[in-house]
Amino acid sequence: MSYTVCSSEKLRKSGADAETKAMLYLMNFREDSSEMNYFIVDFFNDVTATDRMARKLWDVQSKASKTATAKTIGRELVTLFKNFVSDFTFVDYIIFMGGVPDTFRQDSSLNIFDISNINDKALTSVRKGLIEECIKKEYIDDSVVTDENIDNFLQSVWFVIDDKQPQDYIREIIKNHPSIIPPDSDLIAIFNEIRNKQSELKNTNVEGVTIERIDEALSYGRELKTQEIRLLVLQRIINTDPLSKGIPEPFMDVYLKYPEERRKMLLEQCQSAMCRALFNNSLAQVYWALFDNVYTTIVRHPDKNIDYVFDSIPNDLLNACTDFDAFSLKFFIAKIKEGVSQ
């Protein structure tokens, strides 16, 4: 069993936006989203999700166009079809689109549907476009372009029409923490940062790479993890302006025990350390590991105080976080706890 990467591509901004929306759709808007752990970029397809052990695949082809004809939509299914007839098995085959013609759907209120909701004339055009594109592509063997394969494939495809704005995809990530949801402008900025990270993963060339197992795809460094994306969003929201929010309530006990004449200095030192850690690029991985550890502990033990979280951090991670001392680390924990636990 093997799989060869073909037809990776560079995208315009609109295409990059569509790929990020498609990834966040997989991550947040499906009944099986919780099964997805990795999102592999431009390897199997525009975006392909895998589970934690990289044994299952969800495949997405994204297209930004809102005005594509039925025949064009058929052509755009070609990479999904390539994967359908490959040696690898995919849980779902999804085309994520900006829009469809008015005559495409039987029930225009459905934005997620299979071919049973496509009008007969439109479906004929979809089928014709797909076959023509398969014949054009050198990486698809003519022998697999059979009526049986085409029909079985089309019955397996999910058509998803993007009906949301970029900020809606970010808001969904933090819907359980309404007290920390920022203005739309901040949500859009976070979306753009995720989009840029996703696009940066395409800097390495994987065209022609052949793998024998799904998990080998992770060796090429083209993946984002669900937890990484969630933490990025929370980190950007909680620490957007760490100097402007005063004393977090969970830190108040520590603050009030300190001599009154030195409290202002303590607060300034904690804020300064937090900013150093936030912008210290040389220790970025350590910062992420610390944030992940603190956030996960708070979510699992929401009733525990900051001392409990502090004591739960492994010693090797504490030693690696050189921007923090005991006070400033408790201040950092309190910031996260105040933002997440409300």
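In this report, a residue is called buried when its relative accessible area is under 20%, exposed when that area is over 50%, and partly exposed in between (1.4 Å probe, protein chains only).

The model you are looking at is predicted: local features need pLDDT of at least 70, side-chain atom pairs count only at pLDDT 80 or more, and totals for chains, interfaces and linings use all residues. Residues are numbered from 1 along each chain as its sequence is written, and side-chain values use heavy atoms, with hydrogens and water left out.

## The chain as a whole

The protein chain has 14 helices and nine strands; helices (H or I, at least four residues) and strands (E, at least two) are DSSP runs, numbered from the N terminus. Its C-alpha atoms fill a box of roughly 80 × 40 × 35 Å along the principal axes. Of its 342 residues, 50% count as buried. A contact here means heavy atoms within 4.5 Å. Among contacts in the chain with a separation of 6 or more, 72% come from residues 24 or more positions apart.

Rings of Phe, Tyr and Trp (its six-membered ring) pair if their centres lie within 6.5 Å; planes under 30 degrees apart count as stacked, over 60 as edge-to-face and the rest as tilted. The whole structure holds 22 aromatic pairs.

| Pair | Centre to centre | Between the planes | Geometry |
|---|---|---|---|
| Phe43 and Phe44 | 5.2 Å | 65° | edge-to-face |
| Phe44 and Phe88 | 6.2 Å | 50° | tilted |

A charge sits over a ring if NZ of Lys or CZ of Arg is within 6 Å of the ring centre and within 35 degrees of the ring normal. The charged end of Lys164 does this with Phe29, 4.6 Å from the ring centre, and the charged end of Arg263 does it with Tyr255 at 5.8 Å.

## On either side of β3

Thr50 lies in strand β3 (residues 47–50) and is buried, at 0% relative accessibility. Leaving aside residues up to four places away in sequence, Thr50 touches Glu35, Met36, Asn37, Tyr38, Ile40, Lys56, Leu57, Trp58 and Ile214.

Most residues other than glycine have a negative phi, and most peptide bonds are trans. Which way does phi go at Asp42, positive or negative? Asp42 has a positive phi of about 50° although it is not a glycine. Asp42 lies in the loop between β2 and β3 and is buried, with a relative accessible area of 5%. Ala54 likewise has a positive phi, of about 55°. Ala54 sits in the loop between β3 and β4 (57–63) and is buried at 4%.

## Two helix pairs

Two packed helices are described by the angle between their axes and the distance between the axes. Axes are lines fitted to C-alpha atoms, for helices over the stretch in contact, and angles run from 0 to 180 degrees between N-to-C directions. Angles under 35 degrees count as roughly parallel, over 145 as roughly antiparallel, 65 to 115 as roughly perpendicular and the rest as oblique.

Helix α6 (residues 166–173) and helix α7 (residues 184–200) pack at about 90°, with axes 8 Å apart, so α6 and α7 are roughly perpendicular. Their contact is made by Pro166, Gln167, Ile170 and Arg171 of α6 and Asp184, Leu187, Ile188, Ile190, Phe191 and Ile194 of α7. By class, this contact has seven nonpolar (Ala, Val, Leu, Ile, Met, Phe, Trp, Tyr, Cys and Pro), two charged (Asp, Glu, Lys and Arg) and one polar residue (the others, Gly among them).

Helix α8 (residues 226–238) and helix α11 (residues 284–300) also pack at about 90°, with axes 11 Å apart, which makes α8 roughly perpendicular to α11. Residues in the contact include Leu231 and Leu232 of α8 and Trp288 and Phe291 of α11. By class, the contact of α8 with α11 has eight nonpolar, three polar and two charged residues.
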